[in-house]
Amino acid sequence: MELFKIIFALKSIGIQGITHAVINSIYRSIIDKKYAMKNTNNEKIYPGKRKNVNPISCGLKVVFSNAEVEIIFLSNDLIRITWQPGSLPLPFTLDDNHWQSQSLQIEVSTDGEIISCGDIAVKIDQDGSITIHDIQKTTLRKDLPPFRIGECWSIITQLKPEEHIYGLGERASTLNLRPGEYQSWNTDIGGSYSSGTDPLYMGTPIYLSLSSSGYHLLYFENSFKSRFSIHDDFTASFEGGALRYYIIFGPLEKIFNNFSHLTGFAYFPPKWALGYHQSRWGYQSEKEILEIVEGFKKHHLPISAIHLDIDYMDRYKVFTIDPDKFPHFKNMAEQLDHESIKIVASINPAVKQDNHFKLYQEGKSKDLFCKTANGEIVKGVSWPGRSVYPDFLNLTTRAWWADQYKQLLDVGISGFWQDMNEPASFAAWGDPTLPITTLHSINGEKRSHLEIHNLYGYLMNKAAFEGVSNDSTKRPWIFSRSGWAGLQKYAWNWTGDIDSTWKSLRQTVSTILGLSLSGHAFSGVDIGGFSGSPDAELYLRWFQLATFLPLFRTHSSLNTKRREPWIFGEAITNILRDFLKLRYKLLPYLYTSVWQTCQSGIPFIRPLFWEDPQDNSLWDIDDEFLLGDNVIIVPVLTPGESKRKVVLPPGKWFSYWDDHPYIGKLYMDMDISMEMIPIFIRNGSILPIEEDGGMSFHVYANINAKSMNNMYWDSGDGYGDFRLDTYQLEVDSELTKITCESKGAYRPPFLEFNIIVHGTNFTQASVDGRSIKILDNSVIVPPFQELILSK
Ligand code: MIG
């Protein structure tokens with residue numbers, strides 16, 4: 001592995017880069033030695049003796065001899081607990097939500113206090129342990145008294161034997177994180193990782209717990225470097241700050257809705273972002289980009305976006321374009337836009353330290369870069385060589401950075417790919433980021449890198465989002481490698497430099513589901529893996545998986561074999577084309593589901609246990625997933641198989657390929673082939689599909705179904721009119737009735753729809769009281785209020 005890394009480094013950054021990285025590591029050690037604070041105190045300090053109890057708005061404050069705790073009900077199922085001493089978190093990750101005040105009951109006794117609100121009661125014991133129980137007195141959660149060593153808070157939560165833990169942001173582990181050890185310290189792992197690597201680029205400290213007594217989501221609002229050790233107990237330790245956490249109880253839908261009220265709902269992306277994206281580190285020039293696009297046309301492969309990696313920049317200077325490689329950038333962008341292909345460009349936070357570089361000069365003269373304790377600008381190393389780093393904590397820096405996107409929007413770049421924002425700084429040894437003693441400033445006050453490091457990518461995305469929103473009438477589309485809790489307000493993300501192995505393909509499913517459960521609803525993976533060269537079968541299976549992930553993008557490292565979808569020969573290209581077309585057919589369903597996620601906070605892709613979280617046999621399934629409300633995807637994750645084990649959750653499901661019905665819960669072996677992976681559609685769904693230039697609604701129903709299905713429409717970008725059609729479906733033994741109610745002024749581009757029924761044969765149909773012809777179990781109808789199909 002180490003040898004691989006050295007070779008990778010040599011190939012990608014060259015000798016000069018490596019020399020820089022060595023110098024950088026030495027520089028870092030010097031800076032850190034010079035400014036490090038000494039911590040000599042290793043004593044564990046517990047809260048101590050309880051001294052007094054004070055009611056505060058929506059909660060209680062209990063003062064102990066060594067610490068104090070504040071417990072607040074923000075709503076009747078959302079509790080905030082804050083232990084101090086320690087500085088309170090900067091409020092960046094939260095949304096500006098005004099919680100309504102709750103009516104509480106407080107009982108104070110000699111052995112502790114109980115605060116109750118609705119169905120939930122929190123008991124604080126004499127020693128500072130906190131137990132939460134429901135109305136039946138079932139313990140939902142128990143935290144032992146937290147303790148402090150120096151500035152570092154730790155807290156131990158007792159876990160139930162069966163309890164499962166999910167989330168913590170981006171993890172290369174199984175979906176259930178227990179047992180395991182994890183860190184939250186956003187890290188550029190340097191070119192390649194696989195299962196087991198930790199930490200990765202985005203360690204959001206949010207987790208979901210499932211146990212026999214219910215479910216809760218927990219958010220540690222503390223951005224300091226942290227560790228989580230999940231075994232019999234769950235120990236969380238933070239290297240500074242107050243110990244503040246939010247706990248949300250309730251059914252899963254409600255938990256995620258509440259969580260989105262807390263940290264913000266995901267922004268609604270433009271529709272093109274849901275199409276296919278092609279990328280490669282190494283696409284060098286305008287000429288090459290146009291050739292690639294030609295390739296897509298020639299092979300009849302649809303594509304929505306082409307990505308420019310760092311190669312487009314002028315000597316890796318951020319926000320510049322190399323005029324030799326891209327002499328007619330704007331023309332190229334116009335030409336592509338004409339073909340409905342958008343350009344997405346990589347942005348790195350590191351700014352080349354070069355007195356002739358305007359961005360550097362400006363940032364320096366306006367004092368916008370990160371500094372050391374004695375006020376020198378901190379240096380690091382990245383693609384442009386010696387570099388400096390914008391201090392995104394500083395509002396003026398963010399506003400300045402936000403303004404830079406305009407010049408790229410103006411030449412026709414539509415999306416932004418925010419890379420290296422852990423932040424990454426090449427190091428021959430030690431942590432590949434800024435010196436730990438780097439300081440960040442906010443309103444003239446200094447904050448340590450230990451606290452701000454994890455927020456760095458998040459704040460860079462905040463700046464980008466605000467910049468693009470201000471400068472464009474289109475919706476921003478940004479995706480990022482690093483981030484933190486609440487990133488969904490500003491950006492999607494992707495899982496970085498995963499290696500090109502079957503194991504990593506398998507890993508992708510758990511990693512992306514874990515992200516989803518940490519609030520990052522929209523993410524994706526480099527199809528085929530980043531660092532190696534997959535064979536045809538691995539690439540194909542990865543492509544088939546990604547067809548059903550939010551971000552659908554092929555990307556690869558320099559020095560890997562070419563990976564355009566026509567490289568593996570015609571037989572493979574034909575299958576890839578079918579999946580590409582399937583993605584585009586499904587766009588109305590995907591777009592509607594994305595819209596629903598942005599409205600409700602309910603993840604876009606969900607683990608199977610979502611269907612029945614009380615059934616613990618579903619808790620460990622991390623090789624299948626739900627896509628929106630109505631579809632189950634079973635990706636093929638191993639080579640050379642002709643069968644795939646499938647678990648179907650309770651309910652009735654139809655195979656997408658042949659309409660065969662299945663009743664869950666069901667375990668079965670299904671036949672697979674290179675051309676297909678198992679896909680199931682829920683009984684009662686109305687799947688909107690765009691096909692043959694028209695719009696179809698595929699109705700899957702044959703027994704007693706009753707359901708609600710949405711169809712969301714708009715122009716696909718900008719902020720104009722929308723239309724929401726809500727279909728109610730009722731199926732009984734004789735009739736299938738669909739009614740539709742519409743909201744919004746947007747006029748869909750179709751005057752009639754094709755309704756295709758799966759699972760039942762009909763002989764008669766009427767639309768708004770007028771009888772119509774049935775052909776092959778389908779009818780063509782204008783927009784309607786009521787459609788009745790009878791046998
Ligand atoms: O140090 O821009 O994860 O997707 O191709 C490597 C070059 C920098 C890392 C990203 C990868 C991208 C690469 N970048």
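User: What does helix α3 (residues 286–298) lie across, and at what angle does the helix run to β21?

Analyst: Helix α3 lies across β20 and β21 (305–308), and its direction makes about 155 degrees with that of β21, on a scale from 0 to 180 degrees between N-to-C directions of axes fitted to C-alpha atoms, for helices over the stretch in contact, where contact means heavy atoms within 4.5 Å. Helices (H or I, at least four residues) and strands (E, at least two) are DSSP runs numbered from the N terminus. The model is predicted, with local features needing pLDDT of at least 70 and side-chain atom pairs pLDDT 80 or more, while totals for chains, interfaces and linings use all residues. Residues are numbered from 1 along each chain as its sequence is written, and side-chain values use heavy atoms, without hydrogens and water.

User: Why are β20 (residues 276–278) and β32 (residues 551–554) called paired?

Analyst: Pairing requires at least two DSSP bridges, and β20 and β32 have 3, in the parallel sense, so they qualify. Histidine 277, for instance, has arginine 553 in β32 as its bridge partner. These strands belong to a barrel of 8, closed in the order β20-β21-β22-β26-β29-β30-β31-β32.

User: What puts the buried residues of α5 (residues 358–365) on the same side?

Analyst: Leu359, Tyr360 and Gly363 are the buried residues of α5 (buried is under 20% relative accessible area, exposed over 50%, partly exposed in between, with a 1.4 Å probe and protein chains only). Because they cover an arc of only 100 degrees around the axis, they lie on the same side of α5, the arc being that of the directions from the helix axis to the C-beta atoms. The face turned away from that side carries the exposed Lys358 and Ser365, whereas the cover over the buried residues includes β23 (351–352), β25 (385–388) and α6 (395–410).
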